[in-house]
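Work through the exercises below with the sequence and the structure open. Each task is followed by a solution in steps.

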Amino acid sequence: MLVPVFALLTAVLVVTTPRAVRPQDSDNAGFALAAVIGAAMGVLLAAMTQRQKRSAAIIRDKPRRAVLIGETILSCILPMDSQEEAIVNILDFYDRKRERLGKWAVLPFWCQLIQIAWPYLLDGARRVVTLGIFHWLGHGCAQAWEFYQRTRK
Amino acid sequence: MARIGELGEFEELLLLAVQAENGEAYGNSLLELLEQGAGRKASLGAIQITLERLEKKAFVESRWGDPLPERGGRRRRYYSITAQGATALEQAERTRERIRTGRRGWFRQSGEAA
């Protein structure tokens with residue numbers, strides 16, 4: 001709740017700041033734009049907060065919350081082109097399992113989720129490690145070059 | 001022309017399932033079909049990756065379905081078999097048949113073809 005209030009306050013401050021106090025290179029158009037952006041941000045953030053509140057009220061039952069968390073994790077990890085397909089598939093899978101297993105359907109849901117996300121996680125980790133190694137090698141080479149330069153003199 | 005070597009065991013099963021679903025195959029329906037039809041436990045991830053591979057080989061093609069309100073407007077991706085995929089399946093079946101009948105069957109088939 002504090003964030004939208006803060007954003008709205010910023011917008012109001014920008015609009016009401018006396019011209020004499022403003023930076024010299026700024027013009028009215030720039031300030032008006034800043035005010036519009038600030039207000040829009042405030043409205044957007046307020047709407048998002050309201051939506052979060054409503055979602056929290058809906059997701060009182062734990063399995064549904066777990067599924068939503070899983071869905072969010074998948075949308076963060078998976079690349080855009082395969083994300084939509086994977087999420088629809090896994091939600092269909094969950095619904096099918098829920099008919100038989102009830103609230104325990106969350107367990108196979110998470111098993112499937114891990115299996116889908118695992119290759120992408122591994123790929124990401126591999127990329128990070130590779131980058132880390134290259135960074136370390138680059139750093140090592142730079143140090144060696146510096147040492148060589150210093151000893152030459 | 002597709003060769004048998006181009007089709008792995010799981011790929012072949014999945015291609016058969018896609019063919020059986022008649023243009024309405026998607027990840028979860030294929031998972032169900034493999035479970036019930038072949039008694040095979042597969043993961044959605046494995047199915048999705050294999051379908052991607054089959055699409056790259058041009059054995060299947062995909063189309064997006066309509067947005068689903070209950071899935072937040074997301075769409076299902078439906079797969080159907082291509083002519084090349086059907087040929088690959090036929091060839092895999094023929095090769096299996098030739099091996100099953102042994103050398104004699106093999107030569108008989110070659111004679112018939114000639």
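**Exercise 1. Confidence in chain A**

Task: State what mean pLDDT chain A has, and which of its elements score lowest and highest.

Solution. 
- Step 1. pLDDT is the predictor's confidence in each residue, on a scale from 0 to 100. In chain A it averages 72, and 58% of the residues score at least 70.
- Step 2. This is a predicted model, in which local features need pLDDT of at least 70 and side-chain atom pairs count only at pLDDT 80 or more, while totals for chains, interfaces and linings use all residues. Residues are numbered from 1 along each chain as its sequence is written, and chains are lettered from A and ligands numbered from 1 in the order in which they are written.
- Step 3. Helices (H or I, at least four residues) and strands (E, at least two) are DSSP runs numbered from the N terminus.
- Step 4. Over residues 20–26 of chain A, pLDDT stays under 50, and the model has 3 contacts beyond four places in sequence for this stretch. A contact means that the C-beta atoms of two residues, placed from the backbone, lie within 7 Å.
- Step 5. Where pLDDT is low, the predicted coordinates should not be read in detail.

**Exercise 2. Two chains, two outlines**

Task: Give the order of elements in chain A and in chain B, and the share of buried residues in chain A and in chain B.

Solution. 
- Step 1. Chain A has 5 helices and 0 strands, in the order α-α-α-α-α.
- Step 2. Chain B has 4 helices and 2 strands, in the order α-α-α-β-β-α.
- Step 3. A residue is buried if 20 or more other C-beta atoms, placed from the backbone, lie within 10 Å of its own, exposed if 12 or fewer do, and partly exposed in between. Buried residues are 16% of the 153 residues in chain A and 26% of the 114 residues in chain B.
- Step 4. Of the contacts with a separation of 6 or more, residues 24 or more positions apart account for 59% in chain A and 50% in chain B.

**Exercise 3. Where the chains meet**

Task: Find which elements of chain A give two or more residues to the side that touches chain B.

Solution. 
- Step 1. In the contact between the chains, 16 residues of chain A face 14 residues of chain B.
- Step 2. The elements of chain A that give two or more residues are α4 (80–101) and α5 (106–152). α4(A) gives the most, with 12 residues.
- Step 3. By class, this side of chain A has 8 nonpolar, 4 polar and 4 charged residues. Ala, Val, Leu, Ile, Met, Phe, Trp, Tyr, Cys and Pro count as nonpolar, Asp, Glu, Lys and Arg as charged, and the others, Gly among them, as polar.

**Exercise 4. Helix packing in chain B**

Task: Describe how α2(B) crosses α1(B) and α3(B).

Solution. 
- Step 1. The axes of α1 (residues 9–21) and α2 of chain B come within 10 Å and cross at roughly 110°. Axes are lines fitted to C-alpha atoms, for helices over the stretch in contact, and angles run from 0 to 180 degrees between N-to-C directions.
- Step 2. α1(B) and α2(B) are therefore roughly perpendicular, the term for angles of 65 to 115 degrees.
- Step 3. Residues in this contact include L13(B), L14(B) and A17(B) of α1(B), and L30(B) and L33(B) of α2(B). The contact has 9 nonpolar, 1 polar and 1 charged residues.
- Step 4. The axes of α2 (residues 27–38) and α3 (residues 44–56) of chain B also come within 10 Å and cross at roughly 110°, so this pair is roughly perpendicular.
- Step 5. G27(B), L30(B) and L31(B) of α2(B) meet L44(B), I47(B) and Q48(B) of α3(B); these comprise 4 nonpolar, 2 polar and no charged residues.

**Exercise 5. Loop residues in chain B**

Task: Decide whether A42(B) and N22(B) are exposed, partly exposed or buried.

Solution. 
- Step 1. A42(B) sits in the loop between α2 and α3 of chain B. It is partly exposed because 17 other C-beta atoms lie within 10 Å.
- Step 2. Not counting residues up to four places away in sequence, A42(B) touches L31(B), L34(B) and I47(B).
- Step 3. N22(B) lies in the loop between α1 and α2 of chain B and counts as exposed, with 9 C-beta neighbours inside 10 Å. Its phi is near 55°, a positive value in a residue other than glycine.
- Step 4. Most residues other than glycine have a negative phi.

Methods. Angles under 35 degrees count as roughly parallel, over 145 as roughly antiparallel, 65 to 115 as roughly perpendicular and the rest as oblique.
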